[in-house]
Amino acid sequence: MNEEQGILAAAGPAAERLADLWWVHFWPGLAVFVAVVVLLLVGLYRRHHWPADQLHEARPALWIGVGGIVVPAVILLVVLVFTIRAMAQHSASARDAEERGLSIRVVGYQWWWAIEYDDPDPSRRARTANEINIPVGRPIRLVLESGDVNHSFWVPRLQGKLDLIPGQTNTLWLQANEPGVYRGQCAEYCGEQHAHMGLVVVAQQREAFDRWYEGQLAPAAEPTDSAARLGREVFMRAGCALCHAVRGTGAMASVGPDLTHLASRRTLGAGTIPNTRGYLGGWIANPQAIKPGNRMPAMPVDGPDLQTLLAYLETLR
Ligand code: CUA
């Protein structure tokens with residue numbers, strides 16, 4: 001996975017505008033800094049080497065007028081023009097996303113992200129967690145809500161950050177230019193595991209996205225081998241179904257992430273660990289050791305049962 005999260009590595013129109021603005025602020029800032037240092041050195045040199053009767057030639061009124069008023073006014077005006085232009089473009093893009101964007105609801109919880117795709121037909125609303133798949137080149141409208149405390153949605157390579165606030169709905173738009181995996185992060189302190197509230201945006205070509213979407217809509221695959229079948233019984237018996245949903249089975253709870261297609265996701269625990277059999281086993285046996293304070297209790301599943309449970313979870317592609 002590409003872990004880069006820099007705002008200057010922009011990969012979408014919104015982030016490109018922010019990066020451009022960043023440079024518009026950076027270059028005048030650098031120029032002013034260099035000019036001040038040079039003038040300071042010149043001043044120090046003169047103070048020591050010029051005769052006292054020539055110091056009045058420094059013309060302080062001119063320096064204050066130009067350096068203190070005219071130059072700052074010009075710089076601020078240029079920055080203002082670029083900022084207003086970026087804001088206008090941003091508003092236009094937001095309206096465009098409102099009209100023709102794919103709408104995705106993102107709900108922040110301590111400490112993970114619930115993802116639900118909007119569709120007029122409720123049976124076609126795909127649900128997943130901590131991973132947002134999107135088609136490239138199409139505006140995406142994100143409806144941001146919180147299930148508990150303040151969080152902040154931030155995928156630096158695609159868009160600036162926006163808070164998720166309890167009792168309020170915020171909307172954000174983003175778009176990816178190229179296929180790729182863009183890491184994101186909760187950017188508002190939200191408790192003990194704030195740092196482990198990551199997510200990824202996976203941008204794909206339209207056809208690949210459509211295939212992924214149809215796969216996510218499908219109910220869980222029926223296990224074909226005996227270990228996985230036993231594992232499904234363990235899943236129901238051990239209490240997993242009290243918090244999680246696996247569509248197509250009796251598990252329909254929504255306290256924790258929807259696990260219907262768990263095996264198709266890249267990470268576990270909201271970007272905390274890779275989604276491999278070993279990590280998954282460790283997570284089920286002792287999630288508190290990996291992410292202390294999270295809502296998932298250690299499951300009372302012993303060796304052979306854990307193996308069959310893992311065999312079952314691996315079928316949830
Ligand atoms: Cu959620 Cu910080």
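**Strands and a helix pair**

Q: How many bridges join strand S1 to strand S2 (residues 112-117), which run antiparallel?
A: This is a predicted model: local features need pLDDT of at least 70, side-chain atom pairs count only at pLDDT 80 or more, and totals for chains, interfaces and linings use all residues. Residues are numbered from 1 along each chain as its sequence is written, and side-chain values use heavy atoms, leaving out hydrogens and water. Strands (E, at least two residues) and helices (H or I, at least four) are DSSP runs numbered from the N terminus, and two strands pair if DSSP finds at least two bridges between them. The number joining S1 to S2 is 6.

Q: Which residue in S2 is the bridge partner of Val-106?
A: S1 and S2 form a hairpin, with 2 residues between them. Val-107 stands opposite Ala-114 in S2. For Val-106, the partner is Ile-115.

Q: Which residue in S3 stands opposite Ala-114?
A: S2 also pairs with strand S3 (residues 127-129), antiparallel, over 3 bridges. Opposite Ala-114 stands Ala-129.

Q: Which residue in S5 is the bridge partner of Arg-105?
A: S1 runs parallel to strand S5 (residues 140-146), and 7 bridges join them. The S5 partner of Arg-105 is Val-143.

Q: How many of the 8 residues of S1 are buried?
A: Buried means under 20% relative accessible area, exposed over 50%, and partly exposed in between (1.4 Å probe, protein chains only). S2 is mostly covered, with 5 of its 6 residues buried. S1 (residues 102-109) is largely enclosed by the rest of the structure, because its buried count is 6.

Q: What is the angle between helix H4 (residues 226-238) and helix H7 (residues 303-313)?
A: Axes are lines fitted to C-alpha atoms, for helices over the stretch in contact, and angles run from 0 to 180 degrees between N-to-C directions. The axes of H4 and H7 lie 7 Å apart. The two helices are therefore roughly perpendicular (65 to 115 degrees). Their angle is about 105°.

Q: How many residues of the contact of H4 with H7 are nonpolar?
A: Contact means heavy atoms within 4.5 Å. H4 residues including Leu-230 and Phe-235 meet H7 residues including Leu-309 and Tyr-312. Ala, Val, Leu, Ile, Met, Phe, Trp, Tyr, Cys and Pro count as nonpolar, Asp, Glu, Lys and Arg as charged, and the others, Gly among them, as polar. With 2 polar and 3 charged residues, the nonpolar number is 9.

Conventions. Parallel < 35°, antiparallel > 145°, perpendicular 65-115°, else oblique.
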